[in-house]
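Biologist: I would like to learn how to read a model like this one. Can you take me through it feature by feature?

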Amino acid sequence: MRKRIVVLGGGTAGTLAANRLRRLLDRDAAEITVIDPDDAHLYQPGLLFVPFGLTRPSSLTRPRARQFRDGVTFLRAAVDRVDLDCDTVVLAGGAPVRYDVLIIATGARLIPEETEGLTGPGWMEKVFTFYSFDGAVALERVLSGFTGGRLAVAVMDMPVKCPVAPLEFCFLADAYFRKRGIRGEVDLTYVTPLDGAFTKPVASRELGGLLKDKGISLVTEFNTGEVDGAGGRLISYDGREVPFDLAVVVPLHGGQAYVERSPGLGDGLGFVPTDPRTLQSRARPNVFVIGDAADIPASKAGSVAHFEGEVLARNVIRYLAGRPLDAGFDGHTNCFIESGSGKALLIDFNYDTEPLTGHFPGPAGLPLLRQSRLNHLGKLAFSWLYWHVLLPGREIPAVRSPMPAAGKHQAGTGATAPAGSPR
Ligand SMILES: Cc1cc2nc3c(=O)[nH]c(=O)nc-3n(C[C@H](O)[C@H](O)[C@H](O)COP(=O)(O)OP(=O)(O)OC[C@H]3O[C@@H](n4cnc5c(N)ncnc54)[C@H](O)[C@@H]3O)c2cc1C
């Protein structure tokens with residue numbers, strides 16, 4: 001009997017999951033339906049460049065329906081809730097959609113209204129975010145008219161999508177103001193709830209050093225409790241303040257609202273509890289999760305969704321065949337970090353291994369945790385890879401789901417890590 005595979009969300013993760021499964025499963029073995037309320041697929045990594053006039057906003061979106069392989073049905077509708085007991089998705093308007101296997105790929109939602117004052121006076125006047133299309137476009141206008149003052153870039157709390165993006169924003173802002181000849185008039189501050197520039201020690205040291213070299217102040221362990229947009233102050237829960245003339249914030253993230261309306265599916269933040277190795281949900285064996293919607297301790301990034309896709313597709317097929325699942329996802333994350341002036345760094349890590357120096361994906365590859373022009377070209381090429389390799393669910397030769405160890409220097413020793421995956 002033909003199985004019904006239903007994918008919730010047609011963003012990065014849902015699209016690549018559906019396309020991978022369509023390549024692997026005969027049409028008479030399974031029908032695959034993707035549900036998403038709109039037909040505009042946004043290339044989110046491009047939002048970083050919009051405020052600095054480095055990308056045309058209109059170039060970031062393409063029709064969603066065109067990103068699916070033949071044989072994937074796109075249903076344009078919003079999910080209202082999932083009824084796990086009846087293996088049914090209920091659409092807004094009440095129509096039921098039955099499934100044999102459900103794949104949750106509805107990503108993360110920005111919830112700025114959860115931070116006191118953030119969306120009050122000053123919001124979109126002197127407090128902005130580049131994490132949304134409208135915010136990034138508005139910020140371009142404001143930055144081009146900014147002639148000097150205190151610019152604070154602040155992460156409200158973790159987890160956030162692409163945790164390096166706010167750092168990249170700082171580096172690009174430094175280069176942007178230098179180019180305009182007003183860097184001396186701008187006081188740039190990076191405000192983070194973490195105890196350093198980044199989560200892992202080696203990367204935190206390197207990226208913290210880069211902030212210092214560029215004259216960007218770093219404020220750590222700052223949990224923003226309130227944003228006073230009118231008065232120009234970020235206020236932490238422990239009473240510290242960071243003054244600003246212009247604030248660029250990364251709002252709190254949560255799961256989608258329908259998760260809360262689906263008994264047994266999500267946690268308190270609306271993310272979906274998931275086995276970090278098999279990507280099977282904790283809620284039901286026939287429910288799998290991919291991308292930002294999962295509660296796993298991997299970064300929320302498109303590259304992660306790509307690496308997850310390999311394991312997820314394999315496990316959906318194993319599940320349908322009644323075979324044991326592969327606990328093969330190792331948390332592999334790979335991110336280019338734009339550092340300004342045509343250079344970028346690259347980090348590569350997984351659940352067990354922090355971002356290290358060396359080269360990727362082997363000794364003769366791209367430099368890790370070091371600024372280079374080559375990495376910047378890699379960052380620019382990511383856009384092409386996204387539309388033509390990631391979304392269609394193709395493999396990148398030499399860059400597979402298990403994190404490579406060859407070419408990396410072990411932390412603190414300078415010695416090269418042994419070849420092969422650390423799993
Ligand atoms: C500024 C910025 C820079 C970034 N830079 C990078 C980078 O350089 N490299 C990188 O790897 N990643 C980067 N990312 C992160 C990357 O874009 C995300 O991690 C990735 O898009 C996650 O994919 P997803 O499918 O889980 O979520 P999304 O791509 O956000 O897709 C979720 C989908 O679910 C749909 N949906 C939501 N609610 C419902 C509902 N009720 N019913 C049906 N459908 C619904 C949405 O419409 C959407 O299409 C960046 C993100 C941002 C914001």
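Modeller: We will go through sheets, a helix, salt bridges and aromatic pairs.

Modeller: This is a predicted model, so local features need pLDDT of at least 70, side-chain atom pairs count only at pLDDT 80 or more, and totals for chains, interfaces and linings use all residues. Residues are numbered from 1 along each chain as its sequence is written, and side-chain values use heavy atoms, with hydrogens and water left out.

Biologist: What is the strand order in the open sheet of five strands?

Modeller: The general idea comes first. Strands of a sheet pair through backbone hydrogen bonds, either parallel or antiparallel. Helices (H or I, at least four residues) and strands (E, at least two) are DSSP runs, numbered from the N terminus. Two strands count as paired if DSSP finds at least two bridges between them. Here the order is E11-E18-E12-E13-E14, and the pairing is parallel. Strand E11 (127-128) and strand E14 (217-219) are the edges, each pairing on one side only.

Biologist: How many bridges join E13 and E14?

Modeller: Three bridges join strand E13 (residues 186-191) to E14, in the parallel sense. For one example, find Tyr190: its bridge partner in E14 is Leu218.

Biologist: What is the strand order in the open sheet of three strands?

Modeller: That sheet runs E15-E16-E17, with antiparallel pairing. Its edge strands are E15 (224-228) and E17 (241-243), and each pairs on one side only. From one strand to the next, the twist averages 15 degrees. Axes are lines fitted to C-alpha atoms, for helices over the stretch in contact (heavy atoms within 4.5 Å). Angles run from 0 to 180 degrees between N-to-C directions. E15 and strand E16 (residues 233-236) run antiparallel, joined by four bridges. Glu226 stands opposite Ile235 in E16.

Biologist: Which strands does helix H3 lie across?

Modeller: H3 (residues 165-179) lies across strand E12 (149-155), E13 and strand E18 (246-250). Its direction is at about 170 degrees to E13.

Biologist: How many residues of H3 are buried?

Modeller: Buried means under 20% relative accessible area, exposed means over 50%, and partly exposed lies in between (1.4 Å probe, protein chains only). H3 is mostly covered, with 13 of its 15 residues buried. Now check its length. The expected span of a helix is 1.5 Å times one less than its number of residues. For the 15 residues of H3 that gives 21 Å, and the end C-alpha atoms are 21 Å apart, which agrees. Just after H3, Gly181 takes a positive phi of about 75 degrees.

Biologist: Which residue forms a salt bridge with Asp174?

Modeller: Side chains of opposite charge can pair when their charged atoms come close. The rule for a salt bridge is a side-chain nitrogen of Lys or Arg within 4 Å of a carboxyl oxygen of Asp or Glu. Asp174 pairs with Arg178, with the closest N and O atoms 3.0 Å apart. The two are four residues apart in H3, about one helical turn. An α-helix has 3.6 residues a turn, so residues three or four places apart point the same way. Asp174 is buried at 3% relative accessibility, whereas Arg178 is partly exposed at 47%.

Biologist: How many salt bridges are there by this rule?

Modeller: The count comes to 23. One of them joins Arg20 to Glu395, with closest N and O atoms 2.9 Å apart. Arg20 lies in helix H1 (residues 12-24) and Glu395 in the segment after helix H7 (373-390), so the pair ties together parts that are 375 residues apart in sequence. Arg20 is buried, at 5% relative accessible area. Glu395 is partly exposed, at 35%. Another salt bridge joins the side chains of Asp228 and Arg233 (3.0 Å, N to O). Asp228 is buried at 18%, and Arg233 is partly exposed at 29%. Through shared partners, salt bridges join Arg20, Glu310, Arg314, Asp326, Glu395 and Arg400 into one network.

Biologist: How many aromatic pairs does the whole structure hold?

Modeller: Rings of Phe, Tyr and Trp (its six-membered ring) pair if their centres lie within 6.5 Å; planes under 30 degrees apart count as stacked, over 60 as edge-to-face and the rest as tilted. The search finds 13 pairs. Phe130 and Phe169 are stacked, 4.9 Å centre to centre with 20 degrees between the planes. Phe130 is in the loop between E11 and helix H2 (133-144), and Phe169 is in H3, 39 residues apart. Both are buried. Tyr176 and Phe177 are edge-to-face, at 5.3 Å and 70 degrees.
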